[in-house]
Amino acid sequence: MQSRSWLMRPFGERSTLIFLGVLLATMALVTLLHVAVPAGHPLHASAYTVNLFGKYLSYALLAVAVDLVWGYLGILSLGHGAFFALGGYAMGMYLMRQIGDRGVYGHPVLPDFMVFLNWDSLPWYWHGFDMAGFAFLMVLLVPGALALVFGFLAFRSRVTGVYLSIITQALTFALMLAFFRNEMGFGGNNGLTDFREILGFNLRSSDTRLGLFLATGVALALGYVLCRAIVTSKLGRVCVATRDAEARTRFLGYRVERFQLFVFVVSAMLAGLAGALYVPQVGIINPSEFSPLFSIEIVLWVALGGRATLYGAVIGAILVNYAKTVFTGVMPDAWLFALGGLFVLVTVFLPRGVAGLLALRLRRSGDSDASFSAKEAAA
């Protein structure tokens, strides 16, 4: 009964209900505009638009995962792109196995890039990825296992602050270099692509794309509720205490490294799930997803939206990626300058992000309403 109330606590929060309501309304609106409005109408949501929204939602789930460890645990991870990419590669391996003999070279087992590179047999770590259940399990277990090993060594050694951030970035960079090698068996710099179907459904079908968009929205909702359940529990309070005063929390008798490790692993698994939902919607996964620049960009999403709010991370991810879509279409060479300028503006003028600005406006509005009511009562 206690665990049930722990998981149900977020549904008693106004902010959670508003977030879930807005998310549900967005999913319903996009679905309606895609299905009910005929193609050619100005309000029709094309398959490309649905795909784009699905990509934004997968990024939003990734941002929530980063906000969980940075906002509530104080761990500035510059390596969550690695967990995102590992989940994406696990999904990509499953999608590659589904191609079968329909590839360019017609081999029933080996993916096309392995045939091209004269591989004789399927590597041992590719076995089992022809089964959806095994592949979906690996989406969570592979990033979780890496986070468990890395976090155990780092937190046990009490590596914190900027040193931990540098180590997470080094881990991401090392994985990027490894996955660029053809000998690794993951497609080298080209990565995994040319996917055909998922769970028997054609990935090029509009209905499948809509289904992936809805699945990503549901995953974001569940991930958000899980994170809210964690941060509003006793575990979350210990995490916040660790963030604000780790030495004092240890003095009170808490094994801080255990709390850090648990939350870090949960965050990594959510990032892996986001990567798995991202890959079938964009149609490719390559080592560029391991890029340290991408991990830094994720941190900017959270900073812009507002740390330690979760819904702010969602706002930041959608705003930045929408701006990226617009800028790269109009002025592709200017995007990195715009990103850098945005980071400076957020740091100077919006230290609490968009969510902090919204909270301030609501607070001021509430104060003005209260004073107005007092004047009415006096009159």
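**Exercise 1.** Determine which residues Q281 touches, not counting residues up to four places away in sequence.

*Solution.* Contact means heavy atoms within 4.5 Å. On that basis, Q281 touches N51, G54, K55, L212, F213 and T216, with residues up to four places away in sequence left out. The structure is a predicted model, in which local features need pLDDT of at least 70 and side-chain atom pairs count only at pLDDT 80 or more, while totals for chains, interfaces and linings use all residues. Residues are numbered from 1 along each chain as its sequence is written, and side-chain values use heavy atoms, without hydrogens and water.

**Exercise 2.** Locate Q281 and decide whether Q281 is buried or exposed.

*Solution.* Step 1: Q281 belongs to helix α11 (residues 256–282); helices are DSSP runs (H or I, at least four residues), numbered from the N terminus. Step 2: the relative accessible area of Q281 is 5%, so this residue is buried (buried is under 20%, exposed over 50%, partly exposed in between; 1.4 Å probe, protein chains only).

**Exercise 3.** Describe the salt bridge between R250 and E246 and its setting.

*Solution.* Step 1: a salt bridge requires a side-chain nitrogen of Lys or Arg within 4 Å of a carboxyl oxygen of Asp or Glu; for R250 and E246 the N to O distance is 3.0 Å. Step 2: both residues lie in helix α10 (residues 246–251), 4 residues apart, about one turn of the helix. Step 3: R250 is buried, at 18% relative accessible area. Step 4: a network of salt bridges links E246, R250, R255 and E257. The whole structure holds 10 salt bridges.

How values were computed. Helices (H or I, at least four residues) and strands (E, at least two) are DSSP runs, numbered from the N terminus.
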